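Hi,

Here is the structure I promised to pass on. Have a look at it first, and then read my notes below.

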Amino acid sequence: MTPVVVAIVGAGPSGVSVLERLGANAAELLGGRPLEVHLVDPYRPGPGRIWRYEQSPLLMLNTMASHVTMFTDESVVCAGPVRSGPSLYAWAREGRGTPDDPEVRHELENLSETSFPTRRLQSHYLSWVFEQAVAGLPPGTGLHHHRDRAVDLREHGAYQRVVLAGGGHVDADAVVLAVGHQDVELSGEQAATAVYAGRHGLCFVPPGYTADQDLSVLRSGAPVIVRGLGLAFVDLVVLLTEGRGGRYTEDGAGGLRYLPSGEEPVIHAGSRRGVPFPPKATYTPASPPRPPRFFDSERILRESPERLDFFRDVWPHAAREIEWGYYRELFTAHPERVRGGPEEFAEACAAVPWGGPEHRDLLRRTVVHPGDLFDIPRLDRPLAGETFPDRPALQRRIRGHVREVVERRSDPRHSAELGAVHGVLAVFGQLPALLESGRFSARSRAVDVDGWWAGFFNYLASGPPPRRMRELLALSEAGVLRFVGPDMWVRAAGGRFEAGSPALPGSTVTASALVEARLPVGASPGSRDPLVRSLYGRGQLLEDTSEDDRFRHRTGLAAVDARDGAVLDAAGRRHPRRFALGPFTTAVAGGNFTRPGTNPVSSRLTDAVARSVLLAAVSGR
């Protein structure tokens with residue numbers, strides 16, 4: 001029989017996950033027809049561009065080795081069959097990988113469950129996962145890897161034609177776009193900043209993947225203003241310090257001392273919160289992740305007005321779920337610090353309005369020590385309302401905060417905070433159903449969900465490895481890193497860049513270089529990917545927007561059917577044979593990798609995409 005042909009544009013983790021799910025579902029859905037798969041990616045399948053081996057050996061994952069997997073397990077609720085496989089840690093312990101690089105081999109041999117692997121080791125794991133996905137394809141499957149870039153996608157008779165930069169093409173029955181993070185054209189404030197920098201001979205580094213940025217333009221010894229204190233900031237600092245020959249030594253008191261090479265710039269960094277993300281924890285809480293108890297998207301939709309306002313209709317349920325995660329862990333791991341039992345507490349919580357006087361009174365009666373009361377505003381904005389007499393006082397305050405969060409994320413006495421993180425993750429898994437409903441007001445979606453909530457989620461759940469925080473402390477004490485403060489502002493004036501913070505009134509820093517330490521947001525229509533741009537230009541890709549009478553919100557993301565990633569055109573119509581997933585789309589998947597045993601959204605989504613792709617390809621025949 002004529003093969004069913006599927007093209008996957010992008011062979012990084014998302015594309016390989018779809019490939020694995022194609023193999024898992026083929027026996028059920030192809031009816032004996034042979035399968036042919038074309039992978040289109042100039043980079044090696046598995047790691048793709050972002051996780052390629054050819055990047056600095058200093059860059060690390062922000063996830064422990066035992067929490068990284070690319071396989072489904074019995075926790076995953078999906079229509080396709082489960083095909084289990086090892087986590088990164090289990091893969092290393094089973095000796096399934098044999099890297100040629102002696103440094104990576106040494107890392108693999110010494111990997112522990114709580115190790116934070118380098119991206120180069122992760123690259124080897126992803127290459128091995130790709131090999132397993134290929135081995136799991138039906139016998140006789142034809143697999144072709146085109147080391148090329150897709151530049152267009154067109155209808156061609158009964159086929160979808162993927163046009164390649166090298167002049168060739170691939171004709172397929174169905175196509176999956178897994179093109180990953182997008183480089184985007186500068187617009188608005190960023191475009192104006194770039195023009196200003198060019199006019200005055202300044203250096204402006206816009207948002208981008210840190211490993212791809214040209215950081216040689218940042219001169220040694222010169223001040224540079226950095227906006228952002230998240231993961232991109234951590235990678236940037238690593239490359240500008242240790243990556244330029246600096247090194248760390250133990251100070252004998254559990255901390256680090258930084259020995260500069262002299263090649264570093266002087267980094268002035270700040271953000272809205274003014275403090276770096278808390279590190280990932282190095283211990284496991286006593287209470288494992290569980291399905292949400294208080295956050296029920298169906299109930300919220302049923303009981304709320306037609307137009308959802310995040311803080312009015314959604315946040316009270318989310319806050320109660322996050323708080324429940326915190327106190328459930330406190331009851332489980334530290335029962336001597338609470339009164340009563342967890343079920344009694346949960347029922348009492350459900351009976352009173354969240355945040356009201358009865359709720360606050362319940363918490364005071366339950367918690368033995370006031371220091372154990374859960375305080376979301378303080379957790380979100382640890383420096384809120386504080387001012388400082390001078391810059392050294394601000395530096396001491398932020399260093400003290402960093403030391404405190406490092407201790408809390410390394411000492412099980414504070415495990416209730418990890419319970420709160422589990423609560424945040426539980427809400428994250430349910431929130432897509434609310435977004436898919438289309439019932440958020442445009443302003444609430446833009447300002448509250450895509451703004452505040454996304455920042456709060458990333459801040460609590462996506463921190464760096466603990467050692468990175470110790471390094472930031474050492475860099476601050478060495479004067480290489482200087483914190484600007486909370487609610488940081490940046491402006492271009494007088495032929496320079498200036499930055500400051502309300503926490504330090506009247507004080508500014510100036511520099512001839514400005515770095516936006518974050519990934520680009522959105523994709524279409526500003527994507528630099530010719531494939532995405534051409535589809536958007538012809539109206540075959542819909543930019544996600546929402547609007548009401550007062551506010552229009554454009555996310556820049558490609559709109560897809562959240563159930564299975566089917567591409568929506570400019571009229572909102574579902575394409576029968578084009579599918580897309582990943583960070584350039586509206587399908588919320590929660591990252592490339594999943595934690596074993598958590599029924600992750602990404603595993604459910606890639607299975608649904610693969611099944612719809614196979615059904616679409618067969619129907620096209």
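A quick word on labels before the notes: helices (H or I, at least four residues) and strands (E, at least two) are DSSP runs, numbered from the N terminus. Also keep in mind that this is a predicted model.

I started with Thr585, which you'll find in the loop between strand E21 (574–580) and helix H17 (601–620). Is Thr585 buried or exposed? It counts as buried, because its relative accessibility is 4% and the cut-off for buried is under 20%. The side chain of Thr585 has a polar atom 2.9 Å from the backbone oxygen of Gly582. A polar atom of that side chain also lies 3.3 Å from the backbone nitrogen of Ala587. If you skip neighbours within four places in sequence, Thr585 is in contact with Leu557, Ala558, Val560 and Ala580.

The other thing I looked at is helix H5, which runs over residues 188–200. H5 has 13 residues and spans 19 Å from first C-alpha to last, close to the expected 18 Å. Its buried residues are Gln190, Thr193, Tyr196 and Ala197. These sit on the same side of H5, because they cover an arc of only 120° around the axis. What do they pack against? Strands E8 (203–205), E14 (489–493), E15 (496–500) and E17 (513–516). On the face turned away from that buried side, H5 carries the exposed residues Gly188, Gly198 and Arg199. After H5 comes Gly201, with a positive phi near 70°.

Over to you!

Key. Residues are numbered from 1 along each chain as its sequence is written. This is a predicted model: local features need pLDDT of at least 70, side-chain atom pairs count only at pLDDT 80 or more; totals for chains, interfaces and linings use all residues. Side-chain values use heavy atoms; hydrogens and water are left out. The expected span of a helix is 1.5 Å times one less than its number of residues. Buried means under 20% relative accessible area, exposed over 50%, partly exposed in between (1.4 Å probe, protein chains only). The arc is that of the directions from the helix axis to the C-beta atoms. Contact means heavy atoms within 4.5 Å. A polar contact is a pair of N or O atoms within 3.5 Å; within protein, one must be able to donate a hydrogen and the other to accept it, and residues adjacent in sequence count only if both atoms are side-chain atoms.
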